[in-house]
Amino acid sequence: MTTSASVPTEPEGAISGGGTVTDRLVDANERYAAAFSDPGMDARPVLQVAVVACMDARLDLHDALGLELGDCHTIRNAGGVVTDDVIRSLTISQRALGTRSVVLIHHTGCGLESLTEDFRHDLEMEVGQRPAWAVEAFRDVEQDVRQSMQRVRTSPFLLHTDDVRGFVFDVKTGLLREIDPT
Ligand SMILES: [Zn+2]
């Protein structure tokens with residue numbers, strides 16, 4: 001077996017302290033469950049809101065928005081972009097589980113800003129198959145929030161498109177900045 005400076009010496013998935021990262025999560029869950037008591041909620045979000053956000057690890061949605069367990073649906077992906085699958089989740093959220101408001105959150109320093117659609121081409125060259133999905137890369141985070149709001153507002157599947165607001169979360173200050181939809 002060869003090693004290089006760029007290859008970690010630990011086994012794949014390992015973290016310091018022993019065990020894999022998943023082992024650590026499972027251990028944490030056992031502590032969580034030990035202190036957990038059934039809050040007796042049903043599946044409908046208390047605040048009737050769905051939040052669509054980037055998967056970025058620096059964005060703690062519940063803390064950043066003062067959300068409690070059971071308050072909202074959170075739908076996350078790379079970029080927080082409004083894909084067909086996000087529309088699928090929002091449609092179920094509104095039609096089956098009673099949400100009425102949609103909050104879209106992008107953030108500063110998003111990885112999607114440094115990618116282009118060349119990513120798909122490069123993937124195809126590497127693996128011999130072009131992904132069916134778009135990368136949804138963007139240059140201007142504000143414009144991407146605007147077009148995301150537009151995608152939600154114009155979806156024929158959604159029941160409630162009057163309360164759709166978009167924001168950019170600043171990962172340095174923790175503050176949300178609202179984006180004017182026009
Ligand atoms: Zn991001």
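Which residue in strand 5 stands opposite Val 168? The tour below reaches that pair at its last stop.

The model is predicted: local features require pLDDT of at least 70 and side-chain atom pairs count only at pLDDT 80 or more, while totals for chains, interfaces and linings use all residues. Residues are numbered from 1 along each chain as its sequence is written.

Begin by selecting Cys 54, Asp 56, His 107 and Cys 110, which an unreviewed UniProt entry marks as "binding site"; such annotations may be inferred rather than shown by experiment. These positions span 57 residues in sequence, yet no two of their C-alpha atoms are more than 8.4 Å apart, so they gather at one spot.

Next, select Asp 56, in the loop between strand 1 (49-54) and helix 2 (61-65). Here helices (H or I, at least four residues) and strands (E, at least two) are DSSP runs, numbered from the N terminus. Asp 56 counts as buried because it has 21 C-beta neighbours inside 10 Å; the cut-off for buried is 20 or more other C-beta atoms within 10 Å, with C-beta atoms placed from the backbone. Setting aside residues up to four places away in sequence, Asp 56 touches His 107 and Cys 110, contact being defined as C-beta atoms within 7 Å.

Move to His 107, in strand 3 (residues 101-107). Its contacts beyond four places in sequence include Cys 54, Leu 59 and Val 168.

Finally, select Val 168, which stands opposite Arg 177 in strand 5. Strand 4 (residues 164-169) and strand 5 (residues 176-179) run antiparallel, joined by 4 bridges; pairing requires at least two DSSP bridges. In the turn of this hairpin, Gly 174 has a positive phi of about 80°.

Note on methods: Buried ≥ 20, exposed ≤ 12 C-beta atoms within 10 Å, placed from the backbone. Contact = placed C-beta atoms within 7 Å.
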